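This briefing describes a structure and the contact between its chains. Please consult the sequence and coordinates shown below alongside the text.

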Amino acid sequence: MLPLSLLKSAQGHPMLVELKNGETYNGHLVNCDTWMNIHLREVICTSKDGDRFWRMPECYVRGNTIKYLRVPDEVIDKVQEETKSRSDRRPPGVGRGRGRGGREEGSKPKGVGRGLEDGGGRGAGAARGRGGVGGRAAGNRGGGRGR
Amino acid sequence: MSGRKETVLDLAKFVDKGVQVKLTGGRLVTGTLKGYDQLLNLVLDEAVEFLRDPEDPLKTTDQTRRLGLIVCRGTAVMLVSPTDGTDEISNPFVQPDGA
């Protein structure tokens, strides 16, 4: 379970946010992002010493000023459900794609990567990687994909 | 990915309204929001800074000084909230007062 996933599933719940300067903010989480920036509604702000209080309808807290957050216990049940359903959704089969040279016909795989290293010889390098097809399409193939 | 949705709070609804901004280091500024960008740089008009306790710079007092038109650098912005509806209140976390 990732901290930010927990936070995301805590949307709509009451929570306490303590900032690095010691101020605390109690409110309902409206939204949060990948920087832990947080939007709270119906907030009660407490000073560092805990002797002054303010209420504000909403506030935006920058993520990098947060020391910690207290979230209600029930959120943990939600986040576990969500992570489980996410892993169920993962499509079966191996991740393919990304890279060429899957079907080598006799040629060694070294021709595949060459286009990356030397720009000058890329036409030739790419053509070798393509094996049998290379003879026909060497010119435009090598030029288009050899970056 | 939610990476490119820059802000969780749409500051558009605060434009031309009073906002209170806390800055890193302890400064507290209020003013009318005139503009902003995705880095949270803010333009505040008729900005007023709440002066701080000389002994404890993290504590603000009720003394103010007028700053006029200012730009708040986004990296220094800690907290933004509307001044409308923001009030100091007595302790809302009431202890069980049986004793």
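Of the 147 residues of chain A in this predicted model, 35% count as buried, where buried means under 20% relative accessible area, exposed over 50% and partly exposed in between (1.4 Å probe, protein chains only). Local features need pLDDT of at least 70 and side-chain atom pairs count only at pLDDT 80 or more, whereas totals for chains, interfaces and linings use all residues; side-chain values use heavy atoms, with hydrogens and water left out. Residues are numbered from 1 along each chain as its sequence is written, while chains are lettered from A and ligands numbered from 1 in the order in which they are written.

**Fold of chain A**

- Chain A contains five helices and five strands; helices (H or I, at least four residues) and strands (E, at least two) are DSSP runs, numbered from the N terminus.
- Read from the N terminus, the order of elements in chain A is α-β-β-β-β-β-α-α-α-α.
- Among contacts (heavy atoms within 4.5 Å) in chain A between residues at least 6 apart in sequence, 41% join residues at least 24 apart.

**Interface of chain A and chain B**

- The size of an interface is often given as the accessible area lost when the parts come together.
- Here chain B and chain A bury about 2700 Å² between them, with 57% of it on carbon and sulfur atoms; buried area is the accessible area (1.4 Å probe) that two parts lose on being put together, summed over both.
- In chain B, the residues that lose the most area to chain A are B:Val8, B:Met78 and B:Glu88, together 23% of what that side buries.
- The contact involves 31 residues from chain A and 36 residues from chain B.
- Four salt bridges are counted between the two chains, a salt bridge being a side-chain nitrogen of Lys or Arg within 4 Å of a carboxyl oxygen of Asp or Glu.
- A:Glu23 forms a salt bridge with B:Lys22, and their closest N and O atoms are 3.3 Å apart.
- Strand S4 (residues 53–61) of chain A and S6(B) run antiparallel and are joined by three bridges; two strands pair if DSSP finds at least two bridges between them.
- Within this pairing, A:Trp54 stands opposite B:Glu88 in S6(B).

**Selected residues of chain A**

- A:Met1 lies in the segment before helix H1 (3–9) of chain A and counts as exposed at 57% relative accessibility.
- A:Met1 and A:Val79 are 78 residues apart in sequence, yet their C-alpha atoms are 7.7 Å apart in space.
- A:Asn37 is found in the loop between strand S2 (24–32) and strand S3 (38–46) of chain A, and is buried with a relative accessible area of 8%.
- The side chain of A:Asn37 makes a polar contact with the side chain of A:Tyr60 at 3.2 Å; a polar contact is a pair of N or O atoms within 3.5 Å, where within protein one must be able to donate a hydrogen and the other to accept it, and residues adjacent in sequence count only if both atoms are side-chain atoms.
- Not counting residues up to four places away in sequence, A:Asn37 touches residues including A:Asn31, A:Val61 and B:Val8.
- A:Thr65 lies in the loop between S4 and strand S5 (66–70) of chain A, and is buried with a relative accessible area of 5%.
- The side chain of A:Thr65 reaches the backbone oxygen of A:Arg62 at 2.9 Å.
- Not counting residues up to four places away in sequence, A:Thr65 touches A:Leu19, A:Lys20, B:Thr24 and B:Met78.
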